[in-house]
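Please keep the structure in view while working through the numbered points.

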Amino acid sequence: MNSRNRRILFSLAVLVWSAVLLYFYASGRITKYLAPDFRIISFAGGLGLAVLGLFNLLTAGQQAGCGHDHGGEEDPHDHESGDMHPLTAVLLMIVPVVLSVAWTKDEYSAAALSRKGLYDAPSAVSLPFLASSLPALTLEEIEKSHRKTPDGFLEFNLMELFFSSGDREMQGLLDGLKVETEGRWMDEKIRNPHGSRKRLYRLFITCCAADSRAIPIVLEFGKTPPEFPENGWVKVAGTMRFPLEEGVIQPVLTVDRVLAAEPPYEESFMRKK
Amino acid sequence: MSPDSQQDFALAFLSILFEGVPFILLGTLISGFIDIYLPAGMMDRFLPKNKFFAVLSAGLLGAVFPVCECAVVPVIRRLVRKGLPVSCALTYMLAAPIVNPITALSTWKAFQGQGAAMMTSSRLLLGFLIAVAVGMIVSKLPLASVLKAKLVESLEKDETKAAHDHSCCGHDHSHDEPAEENRLVAAFRSAMKDFVDVAVYFAIGVSITALFNTGIAPGAQWLDGLAKNPTAAPAALMALAFILSLCSTSDAFIAATLDKFSWGAKLAFLTFGPMMDVKLLFLYQTVLRKRFIVLLAIGLFLAIGGISIYWQQLVFAAK
């Protein structure tokens, strides 16, 4: 392949990557993939790739010198030959990206979520930075720092409820408290002999979806739970309990009401803008 | 692949890609401009005359001239031909992909919430120490046991030529300086070539990582099993780094997703990978003797693995 065609081919490959980055940013779908800090960096990367690809595409036929001596046959280096055939390189770059764009549904399946901690006990998870997200340590301060719904439920972040199971003091304060929280709806596959339970979770994204962890609590209905789509967003209100089940303290919300909800803007709910 | 597996793969693949691409682009743009605008002799001026301090300084040159491991091999080949001591060239070759601001920034960003400062500083320090140690050992070895025979011969020829006085040879050694816009075009082309080279390996690496990350790959459970073993975990991740052949500017984004592995194992992954992997094995053969490459690989594996295990114990014992 001659140099000009190789440059055109590489430029197009770079532009495809650029288009994918810019599309996911512009469409807002990036929120499912990256924590807020990384989104603008990804956008800048997409713009940078557009400049690199367009510049090289527009100057593909132009003569250019690097300004230094290549030293003859003993030093065969040039500035454009790659490690492999240009077509192979471009296919390896493009195929997985195009397939992924076609396949993605912007969320994990239940099997992948299970691998990412959906059914792990809270005590098996330790993330050092979570201490800062926990609420204050008196009931008055908890009530002050959380809004109350008109029917008397305190609005809690799901992560607060999940990690309260690892903190005896928090358990004491939250046990029996009427709370409302939101998350994604999922089947309960463990410790559910009467089929009266569901699981509520959200993804905690540190940097990107690949390093995310599922943060779940158990929903107890005491009867057959209502039907909602798997992974759909719901708002749940009820009474918080921390029973010891098979040697592990579980955060269990005994549900009074559950409603389908709009997905929140942020999948990654720990980070602040 | 089932539809569920396709959806899981796609989400993991795209998220790592979106996170890593800007850092690869930054690295390759800088590398492309250095390739075209930096004269080879420039680096010599930064090095002290004393051999020991020269090797130490070479280990830090990446902070001034940041290049990734793919770009560094052609650079040191040229530098060695221009008279840079082999010990300094190899120190620079091993250290520059790690001890540079782009790698530091990407490691720090990737490990947010996972002890970013400790991981970044440990990676830079370990990379620097290992590279300097290799440089010091190489400074005691004869050239013929390190460099390819052809390169040694050409160096000897160059020394003979150096005695040749240009003022009376009757021909012109100067080269026409190309126009500035032509050099800009050349710099962008070099950057694009570097980007494509790295992007190909990155795409392969991210694909494999996404398969393991979501449990689709058949060996995922087995790899998870090794994660709990303090000795096998760093060895497994160094082997993975060797196979994945990732760029040092983006490998931290992969390491950060290996959440079942210890901190020390990830450090081993991040230090060993930029110094020795499948693609480097081929690139090193353009400069180094095969025997030396094998010994270097074994030495790096043992030293980095051992220090990472020790460092892990030290850090967590202190907490």
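1. Some terms are needed first. A helix axis is a line fitted to C-alpha atoms over the stretch in contact, and angles run from 0 to 180 degrees between N-to-C directions. Helices (H or I, at least four residues) and strands (E, at least two) are DSSP runs, numbered from the N terminus. Two residues are in contact if their C-beta atoms, placed from the backbone, lie within 7 Å.

2. The model is predicted: local features need pLDDT of at least 70, side-chain atom pairs count only at pLDDT 80 or more, and totals for chains, interfaces and linings use all residues. Residues are numbered from 1 along each chain as its sequence is written, and chains are lettered from A and ligands numbered from 1 in the order in which they are written.

3. pLDDT is the predictor's confidence in each residue, from 0 to 100. Chain A averages 83, and 84% of its residues score at least 70. In chain A, pLDDT stays under 50 over residues 71-76, which have five contacts beyond four places in sequence, and also over residues 126-130, which have two such contacts. Where pLDDT is low, the predicted coordinates should not be read in detail.

4. How many residues of chain A are in contact with chain B? The contact involves 61 residues of chain A and 58 residues of chain B. On the side of chain A, the elements giving two or more residues are α1 (3-27), α2 (36-58), α3 (86-103) and α4 (110-115). The largest share, 10 residues, comes from α2(A). By class, this side has 31 nonpolar residues (Ala, Val, Leu, Ile, Met, Phe, Trp, Tyr, Cys and Pro), 19 polar and 11 charged ones. Asp, Glu, Lys and Arg count as charged, and the others, Gly among them, as polar.

5. α2(A) packs against helix α1 (residues 3-37) of chain B at an angle of about 50°, with the axes 8 Å apart. The two helices are therefore oblique to each other; angles under 35 degrees count as roughly parallel, over 145 as roughly antiparallel, 65 to 115 as roughly perpendicular and the rest as oblique. The residues in this contact include A:F38, A:I41 and A:L49 of α2(A) and B:F18, B:E19 and B:L25 of α1(B). Eight are nonpolar, three polar and one charged.

6. α3(A) also meets α1(B): their axes come within 8 Å and cross at roughly 120°. This angle makes α3(A) oblique to α1(B). Among the residues that meet are A:P96 and A:W103 in α3(A) and B:F9, B:F13 and B:L17 in α1(B). The contact of α3(A) with α1(B) has eight nonpolar, three polar and no charged residues.

7. Within chain A, α1(A) and α3(A) pack at an angle of about 20°, with their axes 10 Å apart. They are therefore roughly parallel to each other. The contact includes A:R6, A:F10 and A:W17 of α1(A) and A:M93 and A:V97 of α3(A). By class, 12 of the residues are nonpolar, none polar and one charged.

8. The last point concerns domains, whose bounds come from an automatic or database domain assignment. Chain A is divided into domain 1 (3-64 + 83-102) and domain 2 (110-260). Their C-alpha centres lie 40 Å apart. Each domain gives five residues to the contact.
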